[in-house]
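Welcome! Try each task yourself before reading on.

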Amino acid sequence: MDKSFLVEQLRQHLQTSARVAVKATEGAVVGVKTAAGTDNRLRSANLARAQAVRAERSYHETAVLDSFRPKPLPPGSRIALGAIVEVEDGSQGRTFFLAPVGAGTELTGPGGDGFLSVVTPQSPIGRAVMGKREGDEIEVDLQGDAHEWVISFVG
């Protein structure tokens, strides 16, 4: 799979997120100026600050992707940043793209072929799969719900 396609898709998602946050910041700033009452002005100011932080984070994450060039992993390789990882629990499978930023973003494969969830090395799934190989079993606790998966593909 062409991983540059995934990186570009992630970049576009982050850029869109930044644009939305900037517009929300601008709207909240207007709210600070026009809101009636101290409580409403404070709420608008807090919203403006939060959206500005969101925009800055998205810009930073987009910049991180500028130097991210994931390569295909040879068969038998240990999972590392840039890997595509498929896991199965016996009844269903999931596919992850291990990226430095963008956790939780849903991507589609080239030509709309399948869905991949972005995970980072700091996330519970990322920590569980880093350094593992195809065929290894992992256990991940996601919001108090334990999942046991077998790594069925690494690429």
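**Exercise 1. Is Phe97 buried or exposed, and what is its relative accessible area?**

Step 1: Know what you are looking at. This is a predicted model, where local features need pLDDT of at least 70, side-chain atom pairs count only at pLDDT 80 or more, and totals for chains, interfaces and linings use all residues. Residues are numbered from 1 along each chain as its sequence is written, and side-chain values use heavy atoms, with hydrogens and water left out.

Step 2: Recall the cut-offs. Buried means under 20% relative accessible area, exposed over 50%, and partly exposed in between (1.4 Å probe, protein chains only).

Step 3: Apply them. Phe97 has a relative accessible area of 0%, so Phe97 is buried.

**Exercise 2. How many aromatic pairs does the structure hold? Describe each one.**

Step 1: A pair of aromatic rings is described by the distance of the centres and the angle of the planes. Rings of Phe, Tyr and Trp (its six-membered ring) pair if their centres lie within 6.5 Å; planes under 30 degrees apart count as stacked, over 60 as edge-to-face and the rest as tilted.

Step 2: Count. There are two aromatic pairs.

Step 3: Take Phe68 and Phe97. Their ring centres are 6.2 Å apart and their planes stand at 45°, so this pair is tilted. Phe68 sits in the loop between α2 and β1 while Phe97 is in strand β2, so the pair ties together parts that are 29 residues apart in sequence. (Helices, H or I with at least four residues, and strands, E with at least two, are DSSP runs numbered from the N terminus.) Phe68 is buried too, because its relative accessible area is 9%.

Step 4: Take Phe96 and Trp149. This pair is also tilted, with 5.8 Å centre to centre and 50° between the planes. Phe96 belongs to strand β2 and Trp149 to strand β6, so parts 53 residues apart in sequence are tied together. Phe96 is buried at 2% relative accessibility, and Trp149 is buried at 4%.

**Exercise 3. In what order do the six strands form the open sheet?**

Step 1: Recall the background. Strands of a sheet pair through backbone hydrogen bonds, either parallel or antiparallel. Here, two strands pair if DSSP finds at least two bridges between them.

Step 2: Read across the sheet. The order is β3-β4-β2-β1-β6-β5, and the pairing is mixed.

Step 3: Find the edges. β3 (106–108) and β5 each have a single partner strand, so one side of each is left without a neighbour in the sheet. From one strand to the next, the twist averages 40°. (Axes are lines fitted to C-alpha atoms, for helices over the stretch in contact, and angles run from 0 to 180 degrees between N-to-C directions.)

Step 4: Look at the pairings. β1 and β2 are antiparallel over five bridges, and Ile84 has Phe97 in β2 as its bridge partner. β1 and β6 run antiparallel with four bridges; Glu88 stands opposite Val150 in β6. β5 and β6 run antiparallel with six bridges, and Leu142 has Asp145 in β6 as its bridge partner. In the hairpin of β5 and β6, two residues lie between the strands, and Gln143 takes a positive phi near 50°.

**Exercise 4. Which residues touch the most other members of the largest nonpolar core?**

Step 1: Define the core. A nonpolar core is a set of buried Ala, Val, Leu, Ile, Met, Phe, Trp, Tyr and Cys residues joined through side-chain atoms within 4.5 Å.

Step 2: Name the residues. In this core of 15 residues, they are Ile79, Val85, Val87, Ile125, Ile138, Trp149 and Ile151.

Step 3: Locate the contributors. Two or more residues come from each of β1 (84–88), β2 (93–98), α3 (124–129), β5 (137–142) and β6 (145–154).

Step 4: Note the other core. Apart from this one lies a core of 13 residues, among them Leu6, Leu14, Val101 and Leu116.

**Exercise 5. Is Gln9 buried or exposed?**

Step 1: Gln9 lies in helix α1 (residues 3–34).

Step 2: Compare with the cut-off. Its relative accessibility is 18%, so Gln9 counts as buried.

Step 3: List its contacts (heavy atoms within 4.5 Å). Leaving aside neighbours within four places in sequence, Gln9 is in contact with Leu107 and Thr108.
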